[in-house]
Amino acid sequence: HRFQRPDALRESVDSTATSLTGASWRVSFGKERGDHLTWSFWTGGVTPGFEVNDIGFSTATEQFDFGTRINWAQISPQGPFRSYNLTLTSFTDLSHEILEPEIGFRDALKSVLLRMDWRGEFKNFWGFGGDFNYSPRHADYGGTRGGPVMIDPGSISYNTRWNTDRRNPVVFDFNVRGRVGADDSGSSLTIGGGIEFRPSPTVEFKLSPRWTRSNTVSQYVTSTSTLEYEPTFGRRYLFADLDRESVSMETRVDVSLTPSLTFQLYAQPLLSSGDYVSYRQLEDTRTFDFRDFQPGTASEAGGEVVCTGGDICLLDGTQFIDFDGDGVTDYSLNDRDFNIRSLIGNAVLRWEYRPGSTVFLVWQRQQRGSVALGDFDFGRDFDALWGLESNNTFIVKFDYWLPL
């Protein structure tokens, strides 16, 4: 709920409280039926103290949102299309602090999204789809993980996909997803695809490779009260410029041996790396301004680590930071570089030995390891994947239908 935010204007932590009280509400109007045009408008809110985790799960706290959706659907053949659909959506979310006189609309803006979706099918049964999203500058209430509000400069993102005729024994699909942040705040690109092969009505294979590369200049690292920093209410909030790259391959096999006996196999190898290129400190609240730490050379003198030629230096896997520029480091943290190698899989044999009664034989396998390298090397990480220690679990489950 972030009641502990040092710049909060309407809420604060009550150390004597034993429960929370709040409300959630929503009102919507719309046209849900029609040959072509449907639309809706909604507004709703969640008060800061609303909590339902004892009976459900909620990720929304302190919001007032409103939005619109306009959809145009063509469900009968027209031109080269068998059918198509176009949707325009807008969404705006505001903090309740908009009611405070010193907080304007822009500073209370938690999220804004303008989105266009499209999907359809050609007369040859090939399918297509995609979306385009624009999010302007807005306040980021969670970027400092409970600290003061910072700014998200906004972004543009897109996604496009297509597939061949799904009636065929061999089906191909391809998709590209990307994001570009404003003010050089980062970007990402994901390229994926898949092939489905059905040699018979009872056997299906599917392979779905995916490659992702991303960069963000505001990856949260930690916060510290070392050498009190007044612009961010005494604490220093540290971020990083993070480069990530990953490759995965989902594999699925479905076999129907008989109507009552089936076999399913799923496996996903994953290789991922994260390189914390540089570290920085948030300079002030409600900004996207950072102080970049300049790398130097680490040495030890009198039991202290000294940075020469910079204000951050790496020694034995630890980053040492000199906040006040006197040459002696004031704070340290473990370098966050990582490489993850993972392989998960499961196999399920299902037998319905009588109507409504089933037995499942399940094998689950997990292999996972990590090292602090940071660079992506497919050959090296792929070879290391197979040498990881595995965790195997075998499960037998029975279902029996009681005739009443």
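Phe-378 is partly exposed, with a relative accessible area of 43% (partly exposed lies between buried, under 20% relative accessible area, and exposed, over 50%; 1.4 Å probe, protein chains only). The model is predicted: local features need pLDDT of at least 70, side-chain atom pairs count only at pLDDT 80 or more, and totals for chains, interfaces and linings use all residues. Residues are numbered from 1 along each chain as its sequence is written, and side-chain values use heavy atoms, with hydrogens and water left out.

**Aromatic pairs**

- The whole structure holds 18 aromatic pairs (rings of Phe, Tyr and Trp, the latter by its six-membered ring, with centres within 6.5 Å; planes under 30 degrees apart are stacked, over 60 edge-to-face, the rest tilted).
- Tyr-220 and Phe-239 pair edge-to-face, at 5.7 Å centre to centre and 80° between the planes.
- Because Tyr-220 is in strand β12 (residues 203-229) and Phe-239 in strand β13, this pair ties together parts 19 residues apart in sequence (strands are DSSP runs of E, at least two residues; helices are runs of H or I, at least four; both are numbered from the N terminus).
- Tyr-220 is buried at 18% relative accessibility, and Phe-239 is buried at 0%.
- The rings of Phe-378 and Phe-382 are stacked, with centres 5.5 Å apart and planes at 10°.
- Both Phe-378 and Phe-382 belong to helix α2 (residues 378-385), 4 residues or about one turn apart; Phe-382 is partly exposed at 32%.
- Phe-81, Tyr-84, Phe-122 and Phe-128 are linked into a cluster by ring pairs.

**Charges over a ring**

- The charged end of Arg-82 sits over the ring of Phe-125, 3.9 Å from its centre (NZ of Lys or CZ of Arg within 6 Å of the ring centre and within 35 degrees of the ring normal).
- Arg-167 also lies over the face of Phe-125, at 3.7 Å from the ring centre.

**Nonpolar cores**

- The largest nonpolar core has 14 residues, and Leu-238, Tyr-279 and Leu-333 are among those with the most contacts inside it (a core joins buried Ala, Val, Leu, Ile, Met, Phe, Trp, Tyr and Cys through side-chain atoms within 4.5 Å).
- Strand β13 (234-258) is one of the elements giving two or more residues to this core, and β13 gives the most, with 3 residues.
- A second, separate core of 9 residues includes Met-150, Tyr-220, Tyr-237 and Phe-239.

**Gln-319**

- Gln-319 lies in strand β19 (residues 318-321) and is buried, at 9% relative accessible area.
- The side chains of Gln-319 and Asp-335 make a polar contact at 2.9 Å (a pair of N or O atoms within 3.5 Å; within protein, one must be able to donate a hydrogen and the other to accept it, and residues adjacent in sequence count only if both atoms are side-chain atoms).
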